[in-house]
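This briefing covers pockets, strand pairing, a helix and a salt bridge in one protein model. The sequence and structure are shown first.

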Amino acid sequence: IAGGEADGRLYVVTERLEGRSLTNWLGGHRQAGTRPGFTVVQRIFDKACNAVQFAHSVAPQPVVHRALTPRSILLRRV
């Protein structure tokens with residue numbers, strides 16, 4: 001992760017991540033007329049919460065982030 005300032009605006013650069021947003025994944029289910037299983041949804045929610053908790057616990061300074069939304073959660077096959 002890198003960052004800096006350009007033209008008076010702060011920026012952060014991260015590596016490119018492969019995956020599908022939670023928004024797109026849910027949209028695929030909507031289009032197919034299906035619902036994801038409760039266990040899958042619960043696992044995604046738990047992993048997202050654990051990731052945020054971990055980031056806050058190891059950062060030397062407070063972590064600044066924007067809203068955690070389905071669009072900002074990336075899913076990938078494992």
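The second largest pocket has a volume of about 220 Å³, and 13 residues line this pocket, those closest to its centre being L22, I44, F45, A48 and I73. The model is predicted: local features need pLDDT of at least 70, side-chain atom pairs count only at pLDDT 80 or more, and totals for chains, interfaces and linings use all residues. Residues are numbered from 1 along each chain as its sequence is written, and side-chain values use heavy atoms, with hydrogens and water left out.

**Second largest pocket**

- A pocket is, on a 1 Å grid over the protein atoms alone, an open set of points where a 1.4 Å probe fits, with protein on both sides within 12 Å along at least five of seven lines; lining residues have an atom within 4 Å of a point.
- Volume is the space filled by probe spheres set on the points, which are joined across faces, edges and corners.
- Helices α1 (22-32) and α2 each supply at least two residues of this lining, and α2 gives the most, with 5 residues.
- Helices (H or I, at least four residues) and strands (E, at least two) are DSSP runs, numbered from the N terminus.
- By class, the lining of the second largest pocket has 12 nonpolar residues, 1 polar residue and no charged residues.
- Ala, Val, Leu, Ile, Met, Phe, Trp, Tyr, Cys and Pro count as nonpolar, Asp, Glu, Lys and Arg as charged, and the others, Gly among them, as polar.

**Largest pocket**

- The largest pocket holds about 1600 Å³ of space; among its 31 lining residues, L17, A51, S72, I73 and L74 are the closest to its centre.
- Both α2 (38-58) and β4 (74-75) supply at least two residues of the lining of the largest pocket, and the largest share, 10 residues, comes from α2.
- The lining of the largest pocket comprises 19 nonpolar, 4 polar and 8 charged residues.

**Hairpin of β1 and β2**

- Strands β1 (residues 2-6) and β2 (residues 9-13) pair in the antiparallel sense over 5 bridges, where pairing requires that DSSP finds at least two bridges between two strands.
- The two strands form a hairpin with 2 residues between them.
- In this pairing, G4 stands opposite Y11 in β2.
- Y11 touches A2, G3, G4, E5 and A6, not counting residues up to four places away in sequence; contact means heavy atoms within 4.5 Å.
- Y11 counts as partly exposed because its relative accessibility is 40%; buried means under 20% relative accessible area, exposed over 50%, and partly exposed in between (1.4 Å probe, protein chains only).
- D7, in the loop between β1 and β2, has a positive phi near 55 degrees although the residue is not glycine.
- Most residues other than glycine have a negative phi.
- D7 counts as exposed because its relative accessibility is 82%.

**Helix α1**

- The buried residues of α1 are L22, W25, G27 and H29, and their cover includes β3 (20-21), α2 and β4.
- G33 follows α1 and has a positive phi, near 75 degrees.

**Salt bridge**

- A search of the whole structure finds 1 salt bridge, defined as a side-chain nitrogen of Lys or Arg within 4 Å of a carboxyl oxygen of Asp or Glu.
- E18 forms a salt bridge with R16, with the closest N and O atoms 3.4 Å apart.
- Both E18 and R16 are exposed.
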